[in-house]
Amino acid sequence: MDIGTGLGEWACQMAQVGLQVTGYDHSSVAIKRARELHGPHGGTLRFELHDFDNDPAPRNLGTGNIDLVSCRHSIHFLDLQRFIVDVRRWLHPDGVLHVTTAVTEKIRREIGLPEERVRALAQGWREYDRYDLAPDGSITAVVLRGPWG
Ligand SMILES: C[S@@+](CC[C@H](N)C(=O)[O-])C[C@H]1O[C@@H](n2cnc3c(N)ncnc32)[C@H](O)[C@@H]1O
């Protein structure tokens, strides 16, 4: 699952390495464009309209079925409390939540998460890893495995 997929570039990259991916976004404009841009992908890449704050959770996600949930520059838009509860339910016991985000103190703009909230993401997961995507740490990635601790 790619959450807040936008135009779907990251979802497309995941599909290209062999994952079966659904990209979700609450913008119908983004989903329409993502489908146009990344159309024929042999059924490994789909795009769905979904608002993770306001819509009921998609029924097909069930419990423990998903291997990987990815949020690239989208988690700061979401109701984090609700989202983390939902993700824990959807993920397989060995599943991964991968978050890429700007760190607001480092970029001095409100388009990411503050450092404190990045660190707090680690709570309750079996494994936590983190790597920076910019030398100054302004863009960081957090890897959380084992949603049920
Ligand atoms: C900054 S863009 C990132 C797009 C893409 N992940 C990327 O890295 O290029 C954030 C995306 O999150 C989507 N988004 C924001 N709130 C959302 C919500 N509640 N449910 C689903 N998508 C949401 C926006 O429509 C937007 O496409």
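1. β1 and β4 (residues 66–72) run parallel and are joined by two bridges. As for the names, helices (H or I, at least four residues) and strands (E, at least two) are DSSP runs, numbered from the N terminus.

2. Before going on, please keep in mind that this is a predicted model, in which local features need pLDDT of at least 70, side-chain atom pairs count only at pLDDT 80 or more, and totals for chains, interfaces and linings use all residues. Residue numbers start from 1 along each chain as its sequence is written.

3. Now for the whole sheet. It is open and mixed in its pairing, with seven strands in the order β3-β2-β1-β4-β5-β7-β6; two strands pair if DSSP finds at least two bridges between them. Which strands stand at the edges? They are β3 (45–49) and β6 (127–132); each has a single partner strand, so one side of each is left without a neighbour in the sheet.

4. Next, follow β4 onward. Six bridges join β4 to β5, and these strands run parallel. Ile 66 stands opposite Leu 91 in β5. From β4 the chain crosses through α3 to β5, a right-handed β-α-β crossover (with the strands pointing away from the viewer, the path from the first strand over the helix to the second runs clockwise).

5. Helix α2 (residues 28–37) lies across β2 (21–25) and β3, at about 160° to β3. Helix α3 (residues 80–90) lies across β4 and β5 (91–102), at about 145° to β5. Here axes are lines fitted to C-alpha atoms, for helices over the stretch in contact, and angles run from 0 to 180 degrees between N-to-C directions.

6. The chain is divided into domain 1 (1–50) and domain 2 (62–149), with bounds from an automatic or database domain assignment. Their C-alpha centres lie 19 Å apart. Seven residues from domain 1 and eight residues from domain 2 make the contact (C-beta atoms, placed from the backbone, within 7 Å).

7. Finally, where does the ligand lie? Both domain 1 and domain 2 give residues to the shell around the ligand, so it lies between them. Of the 18 residues around the ligand, those that come nearest are Gly 4, Gly 6, His 26, Arg 72 and Phe 77; a residue is near if its C-beta atom, placed from the backbone, lies within 6 Å. The elements α1 and β2 each give two or more residues to this shell.

Key. Two residues are in contact if their C-beta atoms, placed from the backbone, lie within 7 Å.
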